[in-house]
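The sequence and the model are shown first, and the discussion follows.

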Amino acid sequence: MHIAEGFLPPAHAVAWGVASAPFVVHGVRSLTREVREHPESTLLLGASGAFTFVLSALKLPSVTGSCSHPTGTGLGAILFRPPIMAVLGTITLLFQALLLAHGGLTTLGANVFSMAIVGPWAGYAVYALLRRSGAPLMVAVFCGAFVADLSTYCVTSVQLALAFPDPGSGFLGALGKFGSIFAVTQIPLAVSEGLLTVLVMRLLVQSSKGELTRLGVLLARKRARTETETVAR
């Protein structure tokens, strides 16, 4: 991730684009509703998109035709839920393909599916499960960002293995090779992204407490005060 321009066979590129489209369309509706009903959230939406853009632009060479980098999608998924993150991630990937030659237009659907759809949904699911289980906010944020990052690369490994199966061992052999190569760089990056996301969330708790309460990240009234005091320790 990102898979480079022209690297996927045309049929795979089209299939991933078709698979991603419904999520992006749903996300556009969710984003439009959020901005219409809560215009004060525009600044935080922009910050979430910028966080994703900056982190995902820091690429390290990895598997041929791809690269490793943080994704930055966990923060936006936690704040605004995965559908909105699908749109922010798609915009990020589109701008990077056009301006930075990072990824590509033919592989946009595949990159969107792994980074802007699966990553945010997996990360948010882990975050929500931990919060409902009573885990501290920052533990849930770290795990959510970690999983959002790592699951993106698991899906990218699947995409590459489907497109380029091993001549001897087929899909599973290729999946093992792609996954093991990605793991060398991506596990440390996922840990680093989790820690950075926790740092950003701590700053938001201090500066945007009201907005985080409205979004459900912080609990209301007395429970919110207790949670903020715990975070500050």
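Where is the place of R81? In this predicted model, R81 is found in the loop between α3 and α4.

**Helix α3 and the residue after it**

Helix α3 covers residues 73–80 and is mostly covered, since eight of its eight residues are buried. The buried residues of α3 are T73, G74, L75, G76, A77, I78, L79 and F80. R81 follows α3 and has a positive phi, near 80 degrees. This positive value occurs in a residue other than glycine. R81 is partly exposed, because its relative accessible area is 30%, and buried would require a value under 20%.

A second residue may be described in like terms. A101 has a phi near 55 degrees, again a positive value in a residue other than glycine. A101 lies in the loop between α4 and α5. With a relative accessible area of 63%, A101 is exposed.

Leaving aside residues up to four places away in sequence, F80 touches E34, S41, L44, L45, S48 and L215. One of these, L45, is 35 residues from F80 along the chain, yet the C-alpha atoms of the two are separated by 8.0 Å.

How many salt bridges does a search of the whole structure find? The search finds four. Side chains of opposite charge can pair when their charged atoms come close.

| Pair | N to O distance |
|---|---|
| E40 and R214 | 3.7 Å |
| K177 and D166 | 2.4 Å |
| E211 and R214 | 2.7 Å |

The side chains of E40 and R214 meet in a salt bridge. E40 lies in the loop between α1 (10–37) and α2 (42–56), whereas R214 lies in helix α8, so the pair ties together parts that are 174 residues apart in sequence. E40 is partly exposed, with a relative accessible area of 45%. R214 is also partly exposed, at 30%.

The side chains of K177 and D166 form another salt bridge. K177 belongs to helix α7 (residues 170–207) and D166 to the loop between α6 (137–163) and α7, so this pair ties together parts that are 11 residues apart in sequence. K177 counts as partly exposed, at 46% relative accessibility. D166 is buried, with a relative accessible area of 16%.

In the pair E211 and R214, both residues lie in helix α8, three residues apart, which is about one turn of the helix. Helix α8 comprises residues 209–214. The side chains of E211 and R214 also make a polar contact (2.7 Å). Why does E211 count as buried? The reason is its relative accessibility of 14%, because buried means under 20%. Not counting residues up to four places away in sequence, E211 touches E40, S41 and L44. A network of salt bridges links E34, E40, E211 and R214.

**A nonpolar patch on the surface**

Which residues form a nonpolar patch on the surface? They are I91, L94, F95, L98, L99, L100 and L105, with about 660 Å² of accessible area together. L105 lies in the loop between α4 (82–99) and α5 (108–132). L105 is partly exposed, with a relative accessible area of 47%.

**Annotated regions**

The unreviewed UniProt entry places the feature "transmembrane region" at residues 41–58, 79–102, 108–130, 137–161 and 181–205. In the model, the end C-alpha atoms of residues 41–58 lie 27 Å apart, and this span is 83% helix and 0% strand. For residues 79–102, the end C-alpha atoms lie 26 Å apart, and the span is 83% helix and 0% strand.

Technical notes. Residues are numbered from 1 along each chain as its sequence is written. This is a predicted model: local features need pLDDT of at least 70, side-chain atom pairs count only at pLDDT 80 or more; totals for chains, interfaces and linings use all residues. Side-chain values use heavy atoms; hydrogens and water are left out. Buried means under 20% relative accessible area, exposed over 50%, partly exposed in between (1.4 Å probe, protein chains only). Helices (H or I, at least four residues) and strands (E, at least two) are DSSP runs, numbered from the N terminus. UniProt positions are given in the numbering used here, feature names are shortened, and annotations may be inferred rather than shown by experiment. A polar contact is a pair of N or O atoms within 3.5 Å; within protein, one must be able to donate a hydrogen and the other to accept it, and residues adjacent in sequence count only if both atoms are side-chain atoms. Contact means heavy atoms within 4.5 Å. Patches are made of residues with over 30% relative accessible area and no salt bridge: like charges are joined within 9 Å, nonpolar side chains (Val, Leu, Ile, Met, Phe, Trp, Tyr) within 5 Å. Accessible areas come from the Shrake-Rupley method with a 1.4 Å probe; for residues, only the protein chains shown count as cover.
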